[in-house]
Amino acid sequence: MARVKVKNLNNEVVETLELSDEVFDYSASETLVWEAVRAFQAAQRKGTHATKKRSEVRGGGRKPWRQKGTGRARVGSIRSPLWRKGGVAFGPRPRDYAQSFPRRKRRNALKLVLSDRLRQGRLLVVDGFELESHRTKDFSEALSGLELSGKILLVEDGDNRNLYLGSRNLPQVKLAPSRAVNIVDLLHHDQLVLSKRAVLKLQEVLQR
């Protein structure tokens, strides 16, 4: 069983937590992580880019000149893609960039990154984020007490208003609920800090 020390906000070890090897000692090809990141980022694309076709550009209903006898090329509309201010031929249209990515593969990618964070000592479990106030100064002091620096991802299970208000003003800190942890956030941050109930909830979900 994988073991991790549980600390309080004073950086004191209060207990040792046994974690499932299925989640926190998982090994697989790193290609799985690449695929998960690619699928996640593709799903974030809005796909709202668009250009107007000749039928969507205003005007151009009247034929500019008669078909024959003028010596000029035949033209049906001044909004032809060949003309200035005309429509765009084969331009970008709104589309969905989401890729099909199995849930099992997505969860396995999360297991792989979580296992890597634990091996590198970049995963910290605290018994709870019980802050006395919502002030950012108090939260910053708690982070200093835990000897944390760099980009930090906090994971909590359930509502914690003081933690939310205290952490939102720090650009290097991001708070995420356990149900919304994603592969990009895990890779983007240097330190992963989870509450005890969050790590147990996350383990339960990834074992399904």
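## Second largest pocket

The second largest pocket has a volume of about 210 Å³. A pocket is an open set of points on a 1 Å grid over the protein atoms alone, with protein on both sides within 12 Å along at least five of seven lines, and lining residues have an atom within 4 Å of a point. Volume is the space filled by probe spheres set on the points, which are joined across faces, edges and corners. Of the 14 lining residues, Lys 7, Gly 121, Leu 123, Leu 124 and Gln 191 are the closest to the centre of this pocket. Strand E1 (2-7) and strand E3 (123-126) each supply at least two residues of the lining; strands (E, at least two residues) and helices (H or I, at least four) are DSSP runs numbered from the N terminus.

By class, this lining has 6 nonpolar, 4 polar and 4 charged residues. Ala, Val, Leu, Ile, Met, Phe, Trp, Tyr, Cys and Pro count as nonpolar, Asp, Glu, Lys and Arg as charged, and the others, Gly among them, as polar.

## Model basis

The model is predicted: local features need pLDDT of at least 70, side-chain atom pairs count only at pLDDT 80 or more, and totals for chains, interfaces and linings use all residues. Residues are numbered from 1 along each chain as its sequence is written, and side-chain values use heavy atoms, with hydrogens and water left out.

## Largest pocket

The largest pocket has a volume of about 500 Å³. Its lining comprises 24 residues, of which Arg 106, Arg 107, Leu 110, Arg 179 and Val 181 are the closest to its centre. Helix H2 (31-44), H3 and H7 are the elements that give two or more residues to this lining, and H3 gives the most, with 5 residues. The classes are 14 nonpolar, 4 polar and 6 charged.

## Helices H3 and H7

The axes of helix H3 (residues 103-119) and helix H7 (residues 196-206) come within 10 Å and cross at roughly 140°. Axes are lines fitted to C-alpha atoms, for helices over the stretch in contact, and angles run from 0 to 180 degrees between N-to-C directions. H3 and H7 are therefore oblique to each other; angles under 35 degrees count as roughly parallel, over 145 as roughly antiparallel, 65 to 115 as roughly perpendicular and the rest as oblique.

The contact (heavy atoms within 4.5 Å) is made by Arg 107, Leu 110, Lys 111 and Leu 114 of H3 and by Leu 202, Val 205 and Leu 206 of H7. These residues divide into 5 nonpolar, no polar and 2 charged.

Conventions
1 Å grid on protein atoms, 1.4 Å probe; cavity = no way out; pocket = protein on both sides within 12 Å on 5 of 7 lines; lining within 4 Å.
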